[in-house]
Amino acid sequence: MELNTNSIAFIGLCNEYCLAVENARETTLREFVASMLKLLPRLYIAASDLNVVRPIDEDDEPYLDSYLDEDYYESVRREIETVMGADDVYLEVFEEDMKYSDTPIGASISEGVCDIFQVLYNFITMVRDAPAETIDMALVAVKDEFDSYWSQKLCNLLRPLNHICHNAVDDDEDDY
């Protein structure tokens, strides 16, 4: 099976996102936030537009192999946390536990970015130099994970990133 244009564009965009996350330590807060505000909406649209065909054989459940180890995840998360500084933590309203809580629930931009990174890193690593059948299965799996998990996480990240971008305090102008 030949990959369609949307699938190829999605794979390229996933790679671009992973590179931006892995190189966050080399950026300023302003650069990182701008990068995420450009990549995340494009990822959302590209993942939404994926037209993948689920396998007919129900025994062949699509999944992404795990390539990202915990130490690397944590080192990338810490680097982003350092870049974000005090802006890393935000109040989350779309948390399942929120409906049972009287207190606000804090979330971390660095953790959210890395949670998406983990899915996309595993996806990119799995499809690199893979046969078409493996790529098709990986596309189905990443689309399933988008629908059930990382689409909401992506949307949740846009709000605080947008706030940082458009509400920077003048004193922090050097940082942002």
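Student: Where does glutamate 92 lie in this model, and why is it called buried?

Tutor: In this predicted model, glutamate 92 lies in strand β1, which covers residues 89–92. Its relative accessibility is 3%, and since buried means under 20%, glutamate 92 counts as buried.

Student: What makes the pairing of glutamate 92 with tyrosine 90 a polar contact?

Tutor: The side chains of glutamate 92 and tyrosine 90 come to 3.2 Å from one another, and a polar contact needs a pair of N or O atoms within 3.5 Å, one able to donate a hydrogen and the other to accept it, so the pair is counted as a polar contact.

Student: Which residues have the most contacts inside the largest nonpolar core?

Tutor: That core has 51 residues, and those with the most contacts inside it are Phe10, Tyr17, Met36, Leu120, Phe123 and Trp150. Two or more residues each are given to this core by α1 (5–22), α2 (29–48), α3 (70–84), α4 (109–127) and α5 (132–166).

Student: How do you know that methionine 36 is buried, and what does it touch?

Tutor: Methionine 36, which is found in helix α2, has a relative accessibility of 0%, and because the cut-off for buried is under 20%, methionine 36 counts as buried. Leaving aside neighbours within four places in sequence, methionine 36 is in contact with Tyr17, Ala20, Val21, Pro41, Val113 and Leu161. Methionine 36 and tyrosine 17 are 19 residues apart in sequence, and their C-alpha atoms are 8.1 Å apart in space.

Student: Why is α4 described as largely enclosed by the rest of the structure?

Tutor: Of the 19 residues of α4, 15 are buried, and therefore this helix is largely enclosed by the rest of the structure.

Student: What makes aspartate 129 stand out, and is it buried or exposed?

Tutor: Aspartate 129, in the loop between α4 and α5, has a positive phi near 60° although it is a residue other than glycine. Most residues other than glycine have a negative phi. Its relative accessibility is 80%, and because exposed means over 50%, aspartate 129 counts as exposed.

Student: How many residues of the protein chain reach a pLDDT of 70 or more, and where is it below 50?

Tutor: The mean pLDDT of the protein chain is 89, and 86% of its residues reach 70 or more. Over residues 170–176 the pLDDT is below 50, and this stretch has 10 contacts in the model beyond near neighbours in sequence.

Note on methods. Residues are numbered from 1 along each chain as its sequence is written. Side-chain values use heavy atoms; hydrogens and water are left out. Helices (H or I, at least four residues) and strands (E, at least two) are DSSP runs, numbered from the N terminus. Buried means under 20% relative accessible area, exposed over 50%, partly exposed in between (1.4 Å probe, protein chains only). A nonpolar core is a set of buried Ala, Val, Leu, Ile, Met, Phe, Trp, Tyr and Cys residues joined through side-chain atoms within 4.5 Å. pLDDT is the predictor's confidence in each residue, from 0 to 100. Contact means heavy atoms within 4.5 Å.
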